[in-house]
Structures are given as structure tokens and as C-alpha cells.
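Please open the structure in a viewer that can select residues by number.

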Amino acid sequence: MGCVHGKCCCRYPRSSDGDNREDLGRYAQVQTHILAGRSVESAQVPSHNFRLEYSVLTQRGFYPESPEKENQDSYCIRTQLQGNPNVHFFGVFDGHGQFGTECSVFVRDRLVEILSNDSTLLDDPVKAYNSAFSITNEELHDSDIDDSMSGTTAITALLVGDMLYVANVGDSRAVMAVKEGNRVVAKDLSSDQTPFRKDECERVKSCGARVLSVDQVEGLKDPDIQSWGDEETEGGDPPRLWVQNGMYPGTAFTRSVGDSTAESIGVVSVPEVTTVHLTAHHPFFVVASDGVFEFLSSQTVVDMVNRSADPRDASSAIAGESYKLWLDHENRTDDITIIIVHIKALSNSGGGATAKRNGGRTTNTEKETSEIYFTPSASEGYRSVRSELSEVSCCQTVSSSDQSSRVVVSSSLD
């Protein structure tokens, strides 16, 4: 979801079956062309004797009222950061607003460069992530790009040896596949930062935002009754952020890079960071824009990847199914970008006895279970995994210098 002036605010009627078939036929031709031009790349991780095999697909959405509209998604895959063969980066950036493409590309290029030049990256990836997002956000504000009503979300995965650090700003998503017996289960590595989340909703309200759906702000529904339910049932008219005395900016997310107007009502660029110690129980992970997950669950996406030996086939199938479901519900689709990363030849004994340093704290990782660590984005102690995020105020500086408040989340995170 984007801002009310961007790609997601148009209310098209549900299209007919005939229209769907025609559009899907055109889409199938486009997808065949894209598949033929893509390849599966690989990157070695010599410190733990395994390798990554990955593929990416990015597809412009179908916009019948804006046929010249650009694909505002962008992505970045950078291997061997800082010349280190054990450090690799994957990111998807979903732009929104009039200058969303420019914002997306700017953040794509600058974020990874800032991380690459950070001398603390290997010692404290979480601190480096927080710093990189803050600097990138300020540089975007100071650039020639008008980000007053435009910006981008960012979902990124940084692999350092057998540790994976996922930083999320916005409502794109990263998902890990985890082997549990005979099943492969989806574990979300990020939590969509939208007003559907109570903690995020309360946080932006404390910064002065009105949180209302379009129907509410237009007077069609009672603005005092906030009964928008959950994201799955109320996706057509989600809660959005508005200034107190205006009909803007209308963002459907609570965190982004850019969106300088929305910053005044609590939209921040502070990432939520999740850390995973990779083991043989982790066959692959997916990093994708919200166009994929609007109508597909994380488990469905993992199932589709698991059924395909070739990540190119999986990404094409996911994009095709997403496109079909979009047209089942609306007369348009979103831009779609998917990075699928397979983890090959990683054994539980390959590096399981090592310890990771992060912010001066050493954590023993000699475990075969699938532990997921959620790192709070501020330095104070917190009561729970998500409730602390309401403490991130638009009026305060968020520090990541003390990571001792890390919360361990079990592998059942969903």
C-alpha cells in the first residue's frame, strides 16, 4: 500500500471475467519474455561452507488509467560487501507518490553504499542498519527529489556468515522457509508497519496523526468508530494517516524513507531488525514488495517456492498468481518484485558452534532450532516484541547504541 496520491488509492470496480482473461493473456506473454531474460546467480559463503542461489523478478503493474506509469519498485543485490566474500545484501524498494520511482532508486543506491562504507558493519550490523537508514533518509530530503509527498518502503536482508539480518521500513515483506518435520513452514521476518498494527497506530496518533479510512475522512463513515478490522478483511479501504486539518498525506503505512510531510505526523525511517541464525532447517528466504502479499499469504508464497526447483519458475508463478488475484478484486494490479534466495549445502555443524558479536554482546548460536531474534529500534527496555515500537516518537531521537534489550522470538513467529 502506498499514499493516497499514489498507486494504491484508486478505487476501480472489480473487473469482469472476460477482462481478467484478456489481461492475463497479455501478462503471460510479458512474463515469458521476462523469464527468458533472467538467470540464477550464486554467491559463496566460504566461512561456513555453503552457497546462495538466487533469482529476481520485477514486473510493472497493470494501470488502465495510467498506461505510461513506471514500475516504481527497484531492487538491489550486492555480493561481497566491503570485499568480504561472506557478506551479501538483498533489498527491495517500493516507491510511491509522484516521484516514487526517483525515491526508490535513490534509496536503492545510497543505502547499500552507506552500509558498505560503515566500519562497524561486521561488528554491529543492527547499529549500521539504523545509521544507514537515518543517513539515507536525510540525504533524500536534501536531494533534488521532491519527497514531500513521495517516498519508498524498504525490505532488506544482509547476510554475514551464517547470520541473516533483515531490516524493514514499511509494508513490504521478508519470509523465511523453515523445515519442521515433513513440512516447510513460512516464518515472517518482518511485520508490516501499517495502522492495522495497534502499536504503530497509537505511535503515530501520539505524534498528531488522524488515523481514518478514506470513507471516514470523506464523511461516508463515522470517524469516531474505528472498526476497520484487520488487513485481510479491510484491505480495500485501509486506515490511513492524515494531518489534523487537511486531506493529506493519506499514507497507508507508518514507516518509510522520504515522505517528509508525513514525518510531521509520525512516519519514521527507523527500521525494525530481525536476526536469524541460519541452519540446515532454512532452505530459502523470500524478499518481496507488498504487491506480492496483498492477496497471497506468506505460507502460500513459501509453498509455491518449495514446489519449484528453479527460483525463476517460482517467481513467475507467484507473480502470475498475484496478478490474477489482483484482477479478481480490482481493475488494476500493483508493481511486483520478488527475490528468492536458496541456501545450499549448509550443515548444522558448519558453523553452529560460533558466536556472533553484535553491539558488544556475544550470543551463543550453538543450536539446531530455528531461533528468530527481534531487535528493538530504541535503547530502552521493552515489555514485548511489538509494544515497544509505540515508544518510537516522531519527536525523539531513536538510538541503537544499546542492543542489550534484544527480545528472543521463538520459531513460531507468524
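With which residue does arginine 108 form a salt bridge? Select arginine 108 together with aspartate 109: the two form a salt bridge, and their closest N and O atoms are 2.8 Å apart. A salt bridge here is a side-chain nitrogen of Lys or Arg within 4 Å of a carboxyl oxygen of Asp or Glu. The model is a predicted one, in which local features need pLDDT of at least 70 and side-chain atom pairs count only at pLDDT 80 or more, while totals for chains, interfaces and linings use all residues. Residues are numbered from 1 along each chain as its sequence is written, and side-chain values use heavy atoms, leaving out hydrogens and water.

Now display the surface. Arginine 108 is partly exposed, with a relative accessible area of 24%, and aspartate 109 is also partly exposed, at 34%. Buried means under 20% relative accessible area, exposed over 50%, and partly exposed in between (1.4 Å probe, protein chains only).

Next, select lysine 324 and aspartate 328, whose side chains meet in a salt bridge (3.2 Å, N to O). These residues lie 4 residues apart in helix 9 (residues 311-329), so about one helical turn separates them. Helices (H or I, at least four residues) are DSSP runs, numbered from the N terminus. Aspartate 328 is buried, with a relative accessible area of 18%, whereas lysine 324 is partly exposed, at 34%.

Then select Arg197, Asp199 and Glu272, which salt bridges with shared partners join into one network. Within this selection, the closest N and O atoms of arginine 197 and aspartate 199 are 2.9 Å apart, and both of these residues are buried.

Methods
Helices (H or I, at least four residues) and strands (E, at least two) are DSSP runs, numbered from the N terminus.
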